[in-house]
Amino acid sequence: METVSYTSQWTAAARALESERSDALFDDPLARALAAPRGFELLDHYGGGGLVEFVAVRTRYLDDAINDLVGRGIRQVVLIAAGMDTRAYRLSLPGDVTVYEVDHQALIDEKEKRLAQLGSPSPTVTLQRVGADLAGDWSASLRAAGFDPSLPTLWIPEALLFFLTEEQSATLMRTFAANSAPGSWVAVDILSKTLLRSPATQIFLSSLNEDGIPWLFGTDEPEEFMAGTGWTVRELKEPGEPGAGEGRWPYDVQPRGVKGVPRNWLLRAELA
């Protein structure tokens with residue numbers, strides 16, 4: 001694996017393109033530099049079928065979740081597989097919030113080097129970067145960095161679950177629950193199983209497979225999946241709905257009861 005994963009690179013490139021729009025859903029001035037070395041090339045390769053638009057909608061949805069839940073009193077935000085995310089810099093969060101970015105140490109080192117070279121501003125929050133093996137016991141490393149499991153927490157595993165198996169995804173959610181106090185939340189994106197099986201997505205998914213980054217997990221029943229891991233879905237949206245990129249999603253939003261429709265879920269869930 002490259003020091004900076006393909007996903008981190010093309011996601012940063014998509015955030016840069018969105019930030020440069022006159023009607024941008026958010027502003028990430030660091031994204032273009034953090035997309036190196038291949039972010040825009042990868043985006044050209046993978047970026048059809050609404051990928052760029054989805055990254056923009058997802059970013060804004062999760063930004064809004066952070067702002068809302070911090071506004072309700074949460075003071076710990078944990079970004080799992082944080083990649084080249086810059087929320088600790090670009091969101092205007094209170095100074096008593098701590099953001100934990102958990103990812104592979106090599107990626108963290110590269111990110112810190114680039115930010116230093118850019119002369120980036122100081123984060124608006126207390127920022128702790130945690131190098132950890134995401135396939136191992138990363139919670140021990142998180143606690144060692146100062147994370148307090150007795151405080152309500154917002155967990156955000158952005159753009160991660162589809163790279164995991166269903167069992168791994170469930171284990172991740174249960175790990176969040178085991179390290180959470182009452183009042184904790186998860187905000188996350190999940191694919192539908194139908195999307196992974198749809199003929200319309202097979203060229204894109206085959207390309208990911210060939211590059212060694214297959215998408216593995218999706219569910220057509222996200223409420224049931226989350227409930228089985230200790231979380232109660234309080235909000236479930238699809239791109240294009242109010243509060244999830246309405247007016248910016250290039251496809252019609254189909255009613256939930258219509259079968260066979262590929263879907264991307266955006267949700268918030270509260271500790272059960």
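How many residues has the largest nonpolar core, and which of them have the most contacts inside it? The model is predicted, so that local features need pLDDT of at least 70 and side-chain atom pairs count only at pLDDT 80 or more, while totals for chains, interfaces and linings use all residues. Residues are numbered from 1 along each chain as its sequence is written, and side-chain values use heavy atoms, with hydrogens and water left out.

**View 1. The largest nonpolar core.** This core has 53 residues, and those with the most contacts inside it are Trp10, Ile66, Val77 and Leu154. Helix α4 (residues 51-71) gives the most to this core, with eleven residues. A nonpolar core is a set of buried Ala, Val, Leu, Ile, Met, Phe, Trp, Tyr and Cys residues joined through side-chain atoms within 4.5 Å, where buried means under 20% relative accessible area, exposed over 50% and partly exposed in between (1.4 Å probe, protein chains only); helices (H or I, at least four residues) are DSSP runs, as are strands (E, at least two), numbered from the N terminus.

**View 2. The surroundings of Val77.** Leaving aside residues up to four places away in sequence, Val77 touches Ile66, Val70, Val97, Thr98, Val99, Tyr100 and Leu154, a contact being heavy atoms within 4.5 Å.

**View 3. Aromatic pairs.** Rings of Phe, Tyr and Trp (its six-membered ring) pair if their centres lie within 6.5 Å, and planes under 30 degrees apart count as stacked, over 60 as edge-to-face and the rest as tilted. By this rule there are 14 aromatic pairs. The ring centres of Phe147 and Trp155 are 5.4 Å apart and their planes stand at 55 degrees, so this pair is tilted; Phe147 is buried, with a relative accessible area of 4%, and Trp155 is buried as well, at 0%. Phe217 and Phe225 also form a tilted pair, with 4.9 Å centre to centre and 50 degrees between the planes, and both Phe217 and Phe225 are buried.

**View 4. An aromatic cluster.** One aromatic cluster is formed by Trp10, Tyr46, Phe162, Phe163, Phe204 and Trp215. Trp10 is also listed among the residues with the most contacts inside the largest nonpolar core.
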